[in-house]
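Thanks for coming. Please take a look at the model on the screen before I start.

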Amino acid sequence: MPAARASLLDSPPMRFAPLLLAALCALVLFTGLDGNGFLDWREARDAEVAREVIGQREGLTPLFGIEPLLEKPLPAYAPEALVHLFTRPLPLRSRQARAALALLLLLVTGSIGARHFGARAGVIAAGVLASALALPLAARTDGTQILAAIFAWVGCAALADAQFGRAAGRDLRLVVGYGALAAALVCAGPLPALWPLGGLGLYLALARPEAGWTRVRPLAGLVMMLGVALPWYAAMTERYGAAFLTRAPFFPYGLESRGPWYAGPVLAVSFLVVGFFPWSALLPGALAHAATWWRTGMRLPLPGAGRPRGDALPGDPLSRERREEGVAHFFIACLFAALAPIVAYPAPPMTAVLPALPAAALLCARFLDHLFEDATRVARPLTQAVRMLALIGTVGAVLLSLVATRVRDITPELRLLASVVFVTSWLPFLADFLGRRRLAAGLLALPVAFGTPVVAMRLLPAMEDYLSARSVAVAMAAVSPPVAPLLLVDPAPPTLRLYTERNLVPPGNLRTGFTRYRASDGHAYIAFRPVREKAVLHAAPGPLEILLRTPSLVLARVQPE
């Protein structure tokens with residue numbers, strides 16, 4: 001790689017890029033982590049599973065409510081379990097651990113970009129991914145998907161090096177890559193581990209390079225992956241049989257109920273647009289830019305030049321251009337392959353799009369790297385992107401303002417967030433309008449960079465009673481005798497199970513439950529969702545005393561006559 005490409009100091013605007021990247025990570029990943037307790041459902045459920053697995057000394061099966069939870073493999077809870085083992089089980093420590101994993105994903109993405117497109121592109125790729133909406137969301141709620149994305153992209157890096165890099169050391173890199181994919185299989189399930197091979201297969205089917213599959217040795221890699229993962233999968237199959245086998249293909253979202261078949265593609269596209277906000281406005285231009293033949297001015301190779309070779313000399317401009325475009329096309333294939341599991345998952349959360357975002361970030365980074373070389377050649381797609389962001393930001397701000405008028409408890413916080421989204425979405429447009437295109441590209445990161453702290457420090461604390469039952473558990477501990485039973489009308493939210501220090505009674509017949517499960521003070525305590533209040537009043541054997549009313553749960557007691 002030429003020295004001009006390797007150095008971050010070859011353009012003055014990039015001299016402070018590492019410091020800006022560090023500040024961006026601090027704002028997005030480490031701000032407001034202790035502003036509220038665990039939130040339902042996924043964050044609190046993972047913490048409760050880790051607590052129960054440690055308490056029961058269970059080394060094979062995830063447990064929730066002392067019952068098997070066949071949502072994802074047990075190793076997926078390892079980071080949460082380590083937090084519980086070595087520190088107090090506080091949300092702050094758990095979120096710091098997930099934020100550290102998110103930093104590792106940024107490091108992997110940046111190193112891939114630096115390896116194939118240059119150091120400047122690597123730093124830009126890390127910055128783009130850090131300021132995409134789905135990353136802080138996953139760092140808050142879905143540590144398993146961050147783990148899966150890390151392992152999958154270590155595997156992708158090995159496959160890309162085998163296909164486009166030097167022959168020397170290829171076998172060792174493949175061992176590391178397939179080891180990472182094996183770890184993804186053990187931690188997250190089959191789909192997160194196999195999509196990198198699917199992306200490579202899609203690229204090879206379209207590009208048809210010489211000795212494509214031979215270079216990556218897929219059969220040996222699959223054998224290695226099966227050898228690592230088979231002990232746990234076989235033991236779980238022997239213990240739970242068909243109940244496990246029907247859920248395992250959909251790990252790490254094996255609990256959700258399946259929606260209509262046509263919802264999958266819609267979700268995949270929607271999650272990409274929302275999860276990669278604000279950079280999704282730039283992504284179409286970055287995809288088109290992947291075939292520009294930037295330095296040669298040609299869209300087709302010279303006659304007789306042959307197909308791209310992975311071990312082409314870096315000093316040859318044409319070979320280098322072929323290699324970079326080949327890598328960009330490989331990342332496009334990885335983008336579509338990483339979206340494919342969303343189609344198969346039953347009702348996945350938006351964090352399921354996270355494995356696709358490093359590919360999108362790398363494509364945007366190549367575009368922005370070329371912007372620093374010659375801004376005029378990419379001015380049109382950049383202008384289209386900032387206009388689209390201004391439009392999307394305006395619509396989002398209007399929607400937030402409308403929601404604020406209906407949810408009185410959090411009206412100031414929603415209006416503040418709407419103002420931040422509106423202003424930061426228009427700043428790139430103004431910079432581009434003034435002809436400051438490089439500045440406009442950098443300002444694209446502002447909606448998430450400034451919006452995330454507002455959400456973490458203002459909005460989530462104000463919404464805690466909507467997203468958590470912690471206040472109900474605290475109130476129950478304050479007003480009821482020790483070991484008092486708490487009747488439930490619906491299954492307990494994970495935060496109630498995590499925070500309460502009382503005995504939870506599963507849903508059943510309320511009329512008999514009121515008389516059977518009474519505390520030592522003579523009262524029967526009950527928790528229910530607000531929509532269930534009429535049914536509880538009808539079944540209560542006496543006047544119902546409301547102890548605490550929150551938007552998500554109501555705590556009450558009754559003294560049977």
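This is a predicted model: local features need pLDDT of at least 70, side-chain atom pairs count only at pLDDT 80 or more; totals for chains, interfaces and linings use all residues.

Residues are numbered from 1 along each chain as its sequence is written, and side-chain values use heavy atoms, with hydrogens and water left out.

Start with S131, in the loop between helix 6 (119–130) and helix 7 (134–141). Helices here are DSSP runs of H or I, at least four residues, numbered from the N terminus. S131 has a relative accessible area of 0%, so it counts as buried, which means under 20% with a 1.4 Å probe, protein chains only. Its contacts (heavy atoms within 4.5 Å), leaving aside neighbours within four places in sequence, are L24, F277, P278, W279, A445 and V448. With W279, the side chain of S131 makes a side-chain polar contact at 2.7 Å; that term means N or O atoms within 3.5 Å, one able to donate a hydrogen and the other to accept it.

Next, helix 6. Its twelve residues reach 17 Å from first C-alpha to last, close to the 16 Å expected at 1.5 Å a residue; the expected span is 1.5 Å times one less than the number of residues. Twelve of the twelve are buried, so helix 6 is largely enclosed by the rest of the structure.

Last, the cysteines. How many disulfides are there? The count is zero, taking a disulfide as two cysteine sulfur atoms within 2.5 Å. The closest cysteine sulfur to that of C156 is in C334, 4.1 Å away, too far for a bond. For C364, the nearest is also that of C334, at 15 Å. C156 is buried, at 1%, and C364 is buried, at 0%.

Definitions and conventions
Helices (H or I, at least four residues) and strands (E, at least two) are DSSP runs, numbered from the N terminus. Buried means under 20% relative accessible area, exposed over 50%, partly exposed in between (1.4 Å probe, protein chains only).
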